[in-house]
Amino acid sequence: MNNPIITPLLASTIEATDIKTITFQYPGDVIPGQFFMVWIPGVDEIPMSVSQITKSVKGITFRNIGDATRALYQLKKGDKIGIRGPYGNGFTLTGKRLLFVGGGTGIAMLAPVVEQARKKKLPSTVIMGVKTKDQLFFEDRFRQTGATVLISTDDGSLGYKGFASDLAKEIMQKERVDAVYTCGPERMMSSLLSFCKTLPFQASLERYMKCAIGICGQCCVGNGLRVCLDGPIFDGNTLKKVEDFGVYRRDASGRKILF
Amino acid sequence: MLASGIMDEDAGSMQRMMECGAGAIVTKSIGVQPREGYANPTVVELEYGLLNAMGLPNPGIELYGEEIKKLRTTNVPIIGSIYAADADEFVSLAEKMQRFDVNALELNVSCPHAKQYGLEVGCDPVLVQEIVTSVKQNVSIPVFVKVSPNIMNLVQIVQAAEKATADAIVAINTVKAMKIDLETKHPVLANKTGGYSGKAIKPIGVRCVYDIAQAVDIPIIGVGGITTGEDAIEYFMAGASAVQIGSAVYYRGPDVFKSVCEEIKTWMRNHGYTTIKELIGAAFR
């Protein structure tokens, strides 16, 4: 039933400046790339991609950026939230040598799929792109998977100076890459897609959502593709036909907002 | 046809519903100004239906016009749904919709969860008659009036609409309802109350359509809980000439339009009917 289940927070952990992970009991299966609708009673309900998956516990990682995330940020162990989901399709791993490109908090939802790649013994490279080094999180977690971890910062305070997509382009020119998986700012993802040409590509999209069950139309992109149900993961061939991709999103009223 | 408020945020989503077999598209309800609607949760699934309080979110008539224009390359009829607080605003929206080349208008005087609008307008027969009269005087396309089941004076309202020369009645909008979460003691919807739709409200819709059919001579478009072909046939028998589908897009996916049409055909074949006309009002005794 698509009705929030009330559950207490098991933990709330600071990952970096203004970035936290919260965990809660959820015994069902979740595919990396899927999301939950997280209800903070009296405040809001927002879609959050899963950043931690164990058998009985799931977690989400977010930046303290709006009303809902500010409220979530302040919650402590034992405080109650409502969870419905998981929703969406999740990633599908193809190819042997994988490149993961995360930008900002988009890095968080890539962690479970990188861990899945490790279980399948697929050699992976992870690019973590942040504005500045203080915003970096999950570096140890990615290194523990045995993946090659590269860091880019917009200001050059750590690692490669520039955008994660540009670093990815250099890697693709130097090394064999069979498929690219990404989550982050949409303009970064759309430049990445243009560098990938025919290479298999999957990106996780974020849109303002309301129902999350495929009827309200709020999160639609392209020809009626519902990010909540047909996505949030879309492949490169689909995204090449989506005029919205990397260009605009819609606010709660349906007005177009350019990225 | 696709009911208002479902998969009609933009041209792309309406295009997809057309490709899925919707015979006509009713747009989401559009107002003069952009409106964000309510905070989430705006939709919650209950045992036998969906409860929503979107709060009439829409980008405003000017911007929405761009979406409608993109669809004008197809020949599937588009019915522009509009909401307003008074006759002047309704007329201005109706004229704009006509300029965007929609095939008909649906006046939303029945949304159960928006202050000043919808049901608050649609429970007053004098106001309904004034609005419909003004709109009819200013546009040449057909005008449908969508009514609410949440009123005791339904017959009066539809007769007022007929008197004002409305071309059809659309019945019903959602049923006012509420869901409270026991653990947190919070109403789940941010707006606290909302409109119930889906299977659970079908008997309510069928009753309303039946009552309306006894009271007016203009056609009725049935909507409310139609999920299968047999549901549609029940509405036809109650007096509806056409039907709309909303929540069933969730229950059966976007292909529900094709499936329901097939199921109607099969039922008719098995029962020896050749035209839907034979079924309309078949339950009148």
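## Helix α7 of chain B

In this predicted model, helix α7 of chain B buries K202(B), G205(B), V206(B), C208(B), V209(B), Y210(B), I212(B) and A213(B). The elements covering these buried residues include α6 (154–163), β7, β10 (220–223) and α8 (229–238), which also belong to chain B. An α-helix has 3.6 residues a turn, so residues three or four places apart point the same way.

The helix runs over residues 202–215, 14 residues in total. From its first C-alpha to its last, α7(B) reaches 20 Å, close to the 20 Å expected at 1.5 Å a residue.

## The seven-stranded sheet of chain B

Chain B holds an open sheet of seven strands with parallel pairing, in the order β1-β4-β5-β6-β7-β10-β11. Its edge strands are β1 and β11 (242–244), each of which pairs on one side only. Inside this order, strand β4 (residues 78–82) runs parallel to β5(B), and four bridges join the two. I79(B) has A104(B) of β5(B) as its bridge partner.

Helix α6(B) packs on the sheet and touches β6 (143–147) and β7 of chain B. The direction of α6(B) makes about 170° with that of β6(B). Strand β7 and helix α6 of chain B are also among the elements that cover the buried residues of α7(B).

## Strands β8 and β9 of chain B

Strand β8(B) runs antiparallel to strand β9 (residues 193–197) of chain B, and four bridges join them. Within this pair, K176(B) stands opposite G195(B) of β9(B). The two faces of β8(B) divide as follows: V175(B) and A177(B) form the covered face, while K176(B) and M178(B) form the uncovered one.

## Packing of α3 against α5 in chain B

Helices α3(B) and α5 (residues 125–138) of chain B pack at an angle of about 35°, and their axes are 9 Å apart. The crossing of the two helices is right-handed. From α3(B), the contact is made by A87(B), F90(B), V91(B), A94(B) and E95(B). From α5(B), the residues are E130(B), I131(B), S134(B), V135(B) and N138(B). By class, the contact of α3(B) with α5(B) comprises six nonpolar, two polar and two charged residues.

## Backbone exceptions in chain B

Two cis peptide bonds can be listed for chain B. One joins N40(B) and P41(B), with omega about -5°. P41(B) is placed in the loop between β1 (25–26) and β2 (43–46) of chain B. Another joins A171(B) and I172(B), with omega about 15°. I172(B) is placed in the loop between β7 (168–171) and β8 (175–178) of chain B.

M7(B) lies in the segment before α1 (11–19) of chain B, and it counts as buried because it has 29 C-beta neighbours inside 10 Å, where the cut-off for burial is 20 or more. D101(B) is in the loop between α3 (87–99) and β5 (104–108) of chain B. With 14 C-beta neighbours inside 10 Å, D101(B) therefore counts as partly exposed.

## The seven-stranded sheet of chain A

Chain A has an open sheet of seven strands with mixed pairing, in the order β10-β9-β8-β7-β11-β12-β15. The edge strands are β10 (160–161) and β15 (233–235) of chain A, and each pairs on one side only. Strands β8 (residues 124–130) and β9 (residues 148–153) of chain A pair in the parallel sense over six bridges. The bridge partner of G129(A) in β9(A) is S152(A).

Two helices of chain A can be described against this sheet. Helix α4 (residues 164–174) packs on the sheet and touches β7 (98–103), β8, β9 and β10 of chain A. Its direction makes about 165° with that of β7(A). Helix α5 (residues 186–196) of chain A also packs on the sheet, touching β7, β11 (179–183) and β12 (201–204). The direction of α5(A) makes about 170° with that of β11(A).

## Contact between chains A and B

The contact takes 29 residues from chain A and 33 residues from chain B. On the side of chain A that touches chain B, the largest share comes from strand β4 (residues 44–53) of chain A, with three residues. By class, that side of chain A has 12 nonpolar, 11 polar and six charged residues.

Technical notes. Residues numbered from 1 in each chain as written. Chains lettered and ligands numbered in written order. Predicted model: local features only at pLDDT ≥ 70, side-chain atom pairs only at ≥ 80, totals over all residues. Pairing = 2+ DSSP bridges. Contact = placed C-beta atoms within 7 Å. Axes fitted to C-alpha atoms, helices over the stretch in contact; angles between N-to-C directions. Buried ≥ 20, exposed ≤ 12 C-beta atoms within 10 Å, placed from the backbone. Expected span 1.5 Å × (residues − 1). Nonpolar A, V, L, I, M, F, W, Y, C, P; charged D, E, K, R; others polar. Left-handed = near helix turned anticlockwise from the far one by under 90°.
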